[in-house]
Amino acid sequence: MPTASSCIVLAFSLVLAAPAAVASHAAQDAKPAAPALPDRVAPARWLVLSAVDAGGRRPFNASAPFARYLLALDAPAPAAGEEVTGDLGEKRAWTVVEPGADGRVGGDAAWAFTTIESPTERVMLANLQGAGRLYVNGAGFAGDLYGYGFGGVPIALKAGSNRVFVSGIRGGFRLELSAVADAIVVGDWDVTRPMLRRGEAPGFQFAAVPVMNATNAPVTVALASSASKTFQSGTCGTTSLPPLGIDKPMIEMQLLAAAPKDGDKLAFPLTVNGKEHPLELALVDPAAVRRLTFPSRVDGSVQECSVRPALEATKNVVLTLHGASVDAFNQAASYSAKKDFLFVAPTNRRPFGFDWQDWGRANAYEALAAGIRPTKSEDVSVFLTGHSMGGHGTWHLAVNDQFRFVAIAPSAGWSGFDSYGGGKRDGELAATWRGADGASDTLALLPNIVKTPVYVLHGSADDNVPVSEAERMAVALRELGAPPAMHVQDGAGHWWDGDAAPGADCVDWPGIFETFRAAKPRAVNTELDAWSADPSVQSVLGWCELLQPVRYGERLHVRSRFDREKQELVVETENVRAFRIRTAPDGWRGGVITIDGTRMELKAWDYSAPFLRTADGWKASAKEVDLARQKTPEFSGPFKRAFDRGFVLVYGTAGDEREDAELLARARCDAESWWYRANGSVRVVRDDDFVTHGLGTWVFGVELEDFVPNVVLYGNADTNSAWTKVLGADTTIEARRGTLRVGERTWKGDDLAAVFVRPRVDKEGRTIALVGAFADTGVRGARLSYVLAPFASGVGYPDYAVFDANVLAKGDGGVLAAGFFDADWKLDPRAFVRAAPDAKAGR
């Protein structure tokens, strides 16, 4: 009688039996040869497992299935009926499920498993819809979690049985593998491109399209424009791809002549490695809603925004943020054209993106700059509004930049992750994680907008974002003495319309624009009462530029007033180590400043130099503040800051075969996830190639003498040859095979891992960029990083965190050390270090 496990292997096998050709006596004794896989493969049976772990917006979530089946590559496969218990404390069993007629596996599955038999090694495209992560023989790949309709990513099948796991399932999933005809796959289902105005003037336009390496060897991809009367011919982009890699490189399109004044489209003659892949560009009227594209400084990718022009020349700009799943073009089109407002709708980098936090927030500002560029005016008044997730984004951007927006109007918005959006931002070290993501706490930062006109709009019957979210923020503002204007539409749901406005009422509401028209820009004067989550998020508070806090991971507060009798500026601070005067506030002619009781008569040079908190009070023109070597708003933690400034991912090849394969797979998976979540472009580079190319002065596909990108390292000092080259003499955190050290504390084992950010310095010790690291002490440690969520909004990692495989059972109970470096990039003695009586603690 066959065992349960053997039945599973048979049931999940996709190879059909076929007769063997008899060519010789030896062939008669051989096993029948299996035919090649068909061009399209959809697994017919799955094992599925419902959730056994709680999950949530935490940097370390327990994962019993990963611990049992994926941490070690030689772990046994799951079997039907096998039970798993996670941190929820309830046993769940793997059950056999057959997909529906459409190939979809529904139900409450959190994990799924199947095997695919292949007679030979083969690269195929894996199109996983409705789930975030695919594992093929242990290597991780990105799935189409939100159902964008993407065409898949390259995966490699080995000859024989291939284990396939699916995780991060969102209500149901579907997996299909398809054959690839070419070594380079062009993802024409994910093109970023502009719309051109009829008669558009000559100049540069930008586009991007994914290119994938469907081979097990590295390749270089050249993008070019063939001969054309309309566009400049020649190379317009390039990228290098690791095995199975993907990138979405920038395409520069130089328009040589004005765009046609008639017609609906214009073709850009793109070639990819010599093969034609023309891009169609829509032509629209100058007054129509259209898509603009622009390069991003974050990663060198091409992003887009949509713009609805004003009917007349205006300096009033409305930055409007869309809700989850909404296209930015549709967001802009939901408003009626107005004579006194230009509308700019960013993308959040994707329709779901980052909840307008982290890189979503950065995208809003980059889109704003791109949207107003055609007006050729920097002196604009910016108003902020948004719907649903964009309503949350409205609160979030406003409380973290209170002087930028003249007035704000959240519609159907939620306040924060603690009350909406699957919060559970708890855990043993919750305060540390929250400190690393302090900008998320809109309620704590709400005092920043007490002087900003606010209009709150919501439907009373909203079953997506309950009206209690709007009421919560309105009540908080009233308690601060700043009651907002508010309208709750009786009986209205989440997205609603009526006859009140020419556009969609839930965004184009007349009351919003009445508030905007009545509002006046906020003056920068001596009266200041402002908070900042971190100078890396917001450094400018009116006249004051924050440089460093006393304690990283805690909010900073500055309050000021003008003492007319003494003719001095009186400043009170909390958790501020260093700041400087950015601009003299209205009403103060300079001369005398008193900071936390320290009175100083300022010299001319003091106005631009740092003020420093010392044990004896404050000091002007403090040379101890070394902005070339210490932390600054630009060069600082927490860890997510490493993913900026044209960052490159550098994986190790100095280890053994298993180590090298693991590090490549980890970097490639992060690059795929970045592309999917951020519409991003990131170079994945071998360590030896990176060192050979001058330690990475490259970005955007070209060499730039004065620009040094951030670097994210994978591996350790033994397995990544770029490790010590990039980090130099910095041994604050040291990772090697079998050991990981932070300061004076060392841990031993092969399942240790760490994430950290450090300064990247030049020969004189001056900071020129940041270095991020996914450090490990062995293959198991490297694989642990698969369960992290560095690209998830609402999840904060401090400057460093050390952990081991216990996180898979205990969440942050498996974290061994975590904290923030001080202003000198030194370890803070107050940081968390777990007492570890077991053998892993070396000392």
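Helices (H or I, at least four residues) and strands (E, at least two) are DSSP runs, numbered from the N terminus. This is a predicted model, in which local features need pLDDT of at least 70 and side-chain atom pairs count only at pLDDT 80 or more, while totals for chains, interfaces and linings use all residues. Residues are numbered from 1 along each chain as its sequence is written, and side-chain values use heavy atoms, with hydrogens and water left out.

**View A. Two loop residues with a positive phi.**
Glutamine 567 sits in the loop between β34 (556-563) and β35 (568-574). Its phi is positive, about 55°, although glutamine 567 is not a glycine. With a relative accessible area of 47%, glutamine 567 is partly exposed; that label covers the range between buried (under 20% relative accessible area) and exposed (over 50%), using a 1.4 Å probe and protein chains only. Serine 325 is no glycine either, and has a positive phi of about 80°. Look for serine 325 in the loop between β25 and α4 (328-333), where it counts as partly exposed at 48% relative accessibility. For background, most residues other than glycine have a negative phi, and most peptide bonds are trans.

Going from glycine 637 to proline 638, the peptide bond is cis, with omega near 0°. Proline 638 belongs to the loop between β40 (617-619) and β41. In another loop, the one between β20 (270-272) and β21 (275-276), you'll find glycine 274. Glycine 274 counts as exposed because its relative accessibility is 64%. From glycine 274 to glycine 143 it's 131 residues in sequence and 29 Å in space, C-alpha to C-alpha.

**View C. Strand β25 and its partners.**
How many of the 6 residues of β25 are buried? The count is 5, so β25 is largely enclosed by the rest of the structure. β25 pairs with β27 in the parallel sense over 6 bridges; two strands pair if DSSP finds at least two bridges between them. Here valine 318 faces phenylalanine 383 of β27 as its opposite number. β25 also pairs with β26 in the parallel sense, over 3 bridges, and leucine 319 has valine 344 in β26 as its bridge partner.

**View D. Helix α11 and what covers it.**
Helix α11 spans residues 510-518, and its buried residues are Gly511, Ile512, Phe513, Thr515 and Phe516. The cover over these buried residues includes the strands β25 (316-321), β26 (342-345), β27 (381-387), β28 (405-411) and β29 (455-459), along with helix α10 (505-508).

**View E. The second largest pocket.**
This pocket has a volume of about 1300 Å³. A pocket, on a 1 Å grid over the protein atoms alone, is an open set of points where a 1.4 Å probe fits, with protein on both sides within 12 Å along at least five of seven lines; lining residues have an atom within 4 Å of a point. Grid points are joined across faces, edges and corners, and a volume is the space filled by probe spheres set on the points. Of the 41 lining residues, Arg361, Tyr365, Ser536, Val537 and Gln538 are the closest to the centre. Helix α5 (residues 359-372) gives the largest share of the lining, 5 residues. Sorted by class, the lining has 18 nonpolar, 9 polar and 14 charged residues. Here Ala, Val, Leu, Ile, Met, Phe, Trp, Tyr, Cys and Pro count as nonpolar, Asp, Glu, Lys and Arg as charged, and the others, Gly among them, as polar.

**View F. An open sheet of 8 strands.**
The strand order is β42-β41-β45-β50-β49-β51-β52-β53, and the pairing is mixed. At the edges stand β42 (683-686) and β53 (832-833), each pairing on one side only. Strands β49 (residues 753-761) and β50 (residues 767-776) run antiparallel, joined by 9 bridges, and valine 757 stands opposite glycine 772 in β50. Alanine 754 is part of β49 and counts as buried, at 0% relative accessibility. Among the residues that alanine 754 touches are Leu740, Ala773 and Phe803, leaving aside residues up to four places away in sequence; contact means heavy atoms within 4.5 Å.

**View G. An open sheet of 5 strands.**
The order here is β32-β33-β36-β39-β40, with antiparallel pairing. β32 (540-541) and β40 are at the edges with a single partner strand each, so one side of each has no neighbour in the sheet. β32 and strand β33 (residues 544-549) run antiparallel and are joined by 2 bridges; leucine 541 has cysteine 544 in β33 as its bridge partner.
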